[in-house]
Amino acid sequence: MRERHSAGRWGLVAQFPAPLKGHVPAAGSRAAGAMGVPPLERSREWGRVGAAAPRKRGRVKPPVHPGAWWLWSLSLGVAASRTTNPLLLALLVTVTAYVVAVCRTRSAPWSRSYAAFARLALAVLLVRLAFTVVLGSPVPGAHTLFALPEVPLPHWAQGIRLGGRVTAEALVFALYDGLRIATLLVCVGAANALASPARLLKSLPGALYELGVAVVVALTFAPHLVADVQRLRAARRLRGRPDSGIRGLLQVGLPVLEGALERSVALAAAMDARGYGRSADVPDRVRRTTAALTLGGLLGICAGLYGLLTTEGGGYGLPVLLAGAAAALAGLRLGGRRSPRTRYRPDPWDARAWLVSGAGAAVAALLTLASVRAPDALHPGVVPLVAPTLPLWPAAAVLLGLLPALVVPKEPS
């Protein structure tokens, strides 16, 4: 009997070990009774512990559909193509930068690609100005800034000159044109920084799956390349080795290329293991109809966009664009039968996706309307030189692009 009592006592001690300093066990438990906590203290402790119990969090909302981010970014790019006003273009770049800073997923590798696209845009702008200085410009000008030694060229190279007089009008025209191209690149960089390439691939229709894989791999290469360069440069700085200059570029570039090659081989093996490229048997009639609808729809979209971007085709541009889009969608719908696949947890197109894409579409539509109604405000003159002004309602239309920053919740820090 004594042995059983001792075993029970030691079993009780083993079951309820000595608590840490400052710890009070929950009231009503066997450990509290074994330690001799009075019932009143136990009830008070129970009330305190129960009051401090954490509340359950609500359901976390899924991220915005990646297609919505691409529609928003491409719409801002369309808006940038309708103007050469540097103030409006700078406002578009500011809007994209703010939305990316607020809505991007900071832990994702593709979220750091916006800075790389911004540097590429700056390089394109500088190259455009350099070409104007070296090769000249067809824009006439009366304000000569400086003159370079002109290289004589043979008669068969008439129309091309190297060096010569550089005017302020030519430089301003090149600045406006280069800034528009740079803004387009920044808008594409915003889409890369906000949308997950893997989720975008999952949302593509079956007919575009092979093409989507190639595009997504190409878009994913840039963010990973930037991340590898930053990681290798940081490692070289920690080791006290140079990370800039020609020597540092060569010693960083070789490991980056090696990592890209290893990543491509691993991707190819993973795609082969998952049965990539399998297709189902469809009748020849369906295949021919799919090809005709898809090619005809794409040609209609190209013709419609050309009509919208030119002043002569304003009447037929929109109907041809809509007809081509309808034919292309029908072709993609039929072409999806060739690649049967399922989607695991498909991304929903919810109200936030409609608001994000709608905000970009509103900016593109209003800037297109402004280019027709007030072309002088959106295209400041170069000959003669006039200072650009900021038109009010086109600027307010650009600010509609900030709506995603209010709709999409911020990532908790």
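Q: Which residues is N85 in contact with, leaving aside its neighbours within four places in sequence?
A: Once those neighbours are left aside, N85 is in contact with A377, L378, P380, P388, T389 and P391, where contact means heavy atoms within 4.5 Å. This is a predicted model, in which local features need pLDDT of at least 70 and side-chain atom pairs count only at pLDDT 80 or more, while totals for chains, interfaces and linings use all residues. Residues are numbered from 1 along each chain as its sequence is written, and side-chain values use heavy atoms, with hydrogens and water left out.

Q: Why is N85 called buried?
A: A residue is buried when its relative accessible area is under 20%, exposed when it is over 50%, and partly exposed in between (1.4 Å probe, protein chains only). N85 has a relative accessibility of 0%, so it counts as buried.

Q: What makes N85 a cap for α5?
A: N85 sits in the loop between α4 and α5, helices (H or I, at least four residues) and strands (E, at least two) being DSSP runs numbered from the N terminus. One of its side-chain oxygens lies 3.0 Å from the backbone nitrogen of L87, and in this way N85 caps the N-terminal end of α5. A polar contact is a pair of N or O atoms within 3.5 Å; within protein, one must be able to donate a hydrogen and the other to accept it, and residues adjacent in sequence count only if both atoms are side-chain atoms.

Q: How do you know that the span of α5 agrees with its number of residues?
A: The expected span of a helix is 1.5 Å times one less than its number of residues. For the 18 residues of α5 this should give 26 Å, and the end C-alpha atoms are 26 Å apart, so the two values agree. The helix α6, with 23 residues, reaches 32 Å from its first C-alpha to its last, close to the 33 Å expected. Just after α6, G136 takes a positive phi of about 85°.

Q: Why does L92 count as buried?
A: L92 is found in helix α5, and because its relative accessibility is 1%, it counts as buried. Leaving aside its neighbours within four places in sequence, L92 is in contact with L76, A79, A80, T183, V363 and V398. L92 and A79 are 13 residues apart along the chain, and their C-alpha atoms are separated by 8.6 Å.

Q: Which residues have the most contacts inside the largest nonpolar core?
A: A nonpolar core is a set of buried Ala, Val, Leu, Ile, Met, Phe, Trp, Tyr and Cys residues joined through side-chain atoms within 4.5 Å. The largest such core has 40 residues, and W69, W72 and L367 are those with the most contacts inside it. At least two of its residues come from each of α4, α5, α6, α7, α13 and α15, and α5 supplies the largest share, 9 residues. In soluble globular proteins, nonpolar side chains tend to be buried together.

Q: Why is the pair of W69 and W72 called edge-to-face?
A: Rings of Phe, Tyr and Trp (its six-membered ring) pair if their centres lie within 6.5 Å, and planes under 30 degrees apart count as stacked, over 60 as edge-to-face and the rest as tilted. The ring centres of W69 and W72 are 5.9 Å apart and their planes stand at 85°, so this pair is edge-to-face. Both residues are buried, and both lie in helix α4, 3 residues apart, about one turn of the helix.

Q: How many disulfides are counted in the structure?
A: A disulfide is a pair of cysteine sulfur atoms within 2.5 Å, and by this rule the count is 0.
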